[in-house]
Amino acid sequence: AWPVAIASGGLVGAVIGVLSFRAGLRGSYFALITLAFAEVFRIVANSIPQTRGGLGILIKADQRPENFQFRDPMWFYYLALVLCVIGLAIAWWLTRSRFGARLAAIRENEDAAMALGIDVFREKVRVLALSGAMCAAGGTVYAQKYLYLDPSIAFGVEKSVEMLLVSMIGGAGTIFGPLIGSGVLHLVGEITRDLGNFVPGIKNAQPLALIVYGLILVIIVAYLPDGLTGLLRRRR
């Protein structure tokens, strides 16, 4: 089922891309429409019996490696590590391929890229399909680890915003930026979650985590537009 999930994720990404880019959406408008699609999917999943609505789906425990279910949880780490390396390899390939060069040209100036003969619509749909396939690959492993899915986990706005923060904090358009950003975001989340154990009066640290996320985002946007990787490049 994993290859089917990857192909389905790529197909959904391509369909969203076709609908969005045919309408001429770009920049912040495109970001908003992707959030809107996720919210529509969440509402639909909450409403149909196949997903059991808000109750979610329990996945049958069958601890065999071919099911991505392991008796030793360390194997999930190794599997996630392999996916991380594959993701970094794809990012590295994009920085050195003609496809990646066309994407960089589109990012800098779509009109100039079109004038150079680049099919902007096709390239943007292709990269969105690639993004959807990569997300589906990770989502499958996530589902098999926790053996449970509900509409909020699958399509919640929080996950979409978290993915955006990862790239912005680490540095968008870089190979290791999202990896660094995810490490920083995870560290902040763990620290704020543990504050409830050490600071009197804090019973629920989740709102505090969101406040800290917001402060980090403001600082990054204001002072580090290229993210942490941009700061490291400047120091060199």
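1. Basis. The model is predicted, so local features need pLDDT of at least 70 and side-chain atom pairs count only at pLDDT 80 or more, while totals for chains, interfaces and linings use all residues. Residues are numbered from 1 along each chain as its sequence is written, and side-chain values use heavy atoms, with hydrogens and water left out.

2. Largest core. Leu165, Val166, Ile169, Leu185, Val188, Tyr213, Ile216, Ile220 and Leu224 form the largest nonpolar core, which has 9 residues. Such a core is a set of buried Ala, Val, Leu, Ile, Met, Phe, Trp, Tyr and Cys residues joined through side-chain atoms within 4.5 Å; buried means under 20% relative accessible area, exposed over 50% and partly exposed in between, with a 1.4 Å probe and protein chains only. Two or more residues each come from helix 8 (157-170), helix 9 (177-198) and helix 10 (206-223). Helices are DSSP runs (H or I, at least four residues), numbered from the N terminus.

3. Leaving aside residues up to four places away in sequence, Tyr213 touches Leu165, Leu185, Val188 and Gly189; contact means heavy atoms within 4.5 Å.

4. Gln144. This residue sits in helix 6 (residues 120-146). Gln144 counts as buried because its relative accessibility is 15%. A polar atom of the Gln144 side chain lies 2.7 Å from the backbone oxygen of Asn67. Beyond residues up to four places away in sequence, Gln144 touches Ile59, Asn67, Phe68, Gln69 and Phe76.

5. Helices 4 and 6. Helix 4 (residues 98-108) packs on helix 6 at about 110°, with the axes 10 Å apart. Helix 4 is therefore roughly perpendicular to helix 6; the class covers 65 to 115 degrees, with under 35 roughly parallel, over 145 roughly antiparallel and the rest oblique. Axes are lines fitted to C-alpha atoms over the stretch in contact, and angles run from 0 to 180 degrees between N-to-C directions. The crossing is left-handed, that is, the near helix is turned anticlockwise from the far one by less than a right angle; clockwise gives right-handed. Helix 4 contributes Phe99, Arg102, Leu103 and Ile106 to the contact, and helix 6 contributes Val120, Glu123, Lys124, Arg126 and Val127.

6. Helices 1 and 2. Helix 1 (residues 2-22) and helix 2 (residues 28-47) pack at about 130° with axes 11 Å apart, and are therefore oblique to each other. Their crossing is right-handed. Val12, Ile16, Leu19, Ser20 and Phe21 of helix 1 meet Phe30, Ile33, Phe37 and Phe41 of helix 2.

How values were computed:
Polar contact = N/O pair within 3.5 Å; in protein donor to acceptor, adjacent residues only side chain to side chain.
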